[in-house]
Amino acid sequence: YHHSASLLIEQGRATGTLDEIGLPAFYLQRHAIELLLKGLLSWLTNISYMRKELGRPQHEPSDELMRDLGRHNLQKLHQHLLDYGDLLDLPAPPAALGHLIDEMGQLEIADTWSRYGSSKKKQHGQWVHVDHIPEEVLIPIVEFQERLDAIATLVAARVAFGDTYEDELHDIWAQLNADLNGG
């Protein structure tokens, strides 16, 4: 999704169609971040379970965290990453990830804002219809993509023995795995 967003934006720039591809590009960027967050949370839950197997201090993931892994709210997923990582005494992800999520979240009135034209929202105990984009919205997709590229370089492992946030989590996991296997 990250790579697809990049290609779509390059094409939009080359053909002068950034306005036309804005929403699909935003969706691809957003989904790339969602999958990144869920992958990082998977590392954290695996580390916790391995610590439990070793009889070491651990904290199992909350029911809320496990429920939210099946949902699409970037702010909640990011907050779980921060809170659960802190609870497990693991390093925090780069702050730039949270900043980008916050800025993208200012555009979204629903988790499915860039995916569907409307949704239902509970308001005062009743479900109401919400149009996602009743008027033109400026989406800084080029800037978001540049920032996402930089964040991916800091967060997502791309080569063996790298120095990304995911590599840090892998190193912790690998040591636990070695301990579990007597090594």
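The following legends describe close-up views of a predicted model. Local features need pLDDT of at least 70, side-chain atom pairs count only at pLDDT 80 or more, and totals for chains, interfaces and linings use all residues. Residues are numbered from 1 along each chain as its sequence is written, and side-chain values use heavy atoms, with hydrogens and water left out.

**Figure 1. The aromatic pair of Phe26 and Trp113.** A search of the whole structure finds three aromatic pairs. Rings of Phe, Tyr and Trp (its six-membered ring) pair if their centres lie within 6.5 Å; planes under 30 degrees apart count as stacked, over 60 as edge-to-face and the rest as tilted. Phe26 and Trp113 are edge-to-face, at 5.2 Å centre to centre and 85° between the planes. Phe26 belongs to helix α2 (residues 18–53), whereas Trp113 lies in the loop between α5 (95–105) and β1 (118–123), 87 residues apart. Helices (H or I, at least four residues) and strands (E, at least two) are DSSP runs, numbered from the N terminus. Both Phe26 and Trp113 are buried. Buried means under 20% relative accessible area, exposed over 50%, and partly exposed in between (1.4 Å probe, protein chains only). Ring pairs join Phe26, Trp113 and Phe144 in a cluster.

**Figure 2. The aromatic pair of Trp43 and Trp173.** This pair is edge-to-face, with 6.0 Å centre to centre and 80° between the planes. Trp43 lies in helix α2 and Trp173 in helix α7 (residues 165–180), so the pair ties together parts that are 130 residues apart in sequence. Trp43 counts as buried because its relative accessibility is 18%, while Trp173, at 25%, counts as partly exposed.

**Figure 3. The salt bridge of Glu34 and Arg30.** A salt bridge is a side-chain nitrogen of Lys or Arg within 4 Å of a carboxyl oxygen of Asp or Glu. The structure holds eight salt bridges. In this one, the side chains of Glu34 and Arg30 meet at 3.4 Å, N to O. Both residues lie in helix α2, four residues apart, about one turn of the helix. Glu34 is buried, with a relative accessible area of 3%, and Arg30 is buried, with 2%. Arg30, Glu34, Lys38 and Glu108 are linked in a network of salt bridges.

**Figure 4. The salt bridge of Arg56 and Asp179.** The closest N and O atoms of Arg56 and Asp179 are 2.7 Å apart. The pair links distant parts of the chain, with Arg56 in the loop between α2 and α3 (63–68) and Asp179 in helix α7, 123 residues apart. Arg56 is partly exposed, with a relative accessible area of 35%; Asp179 is also partly exposed, with 27%.
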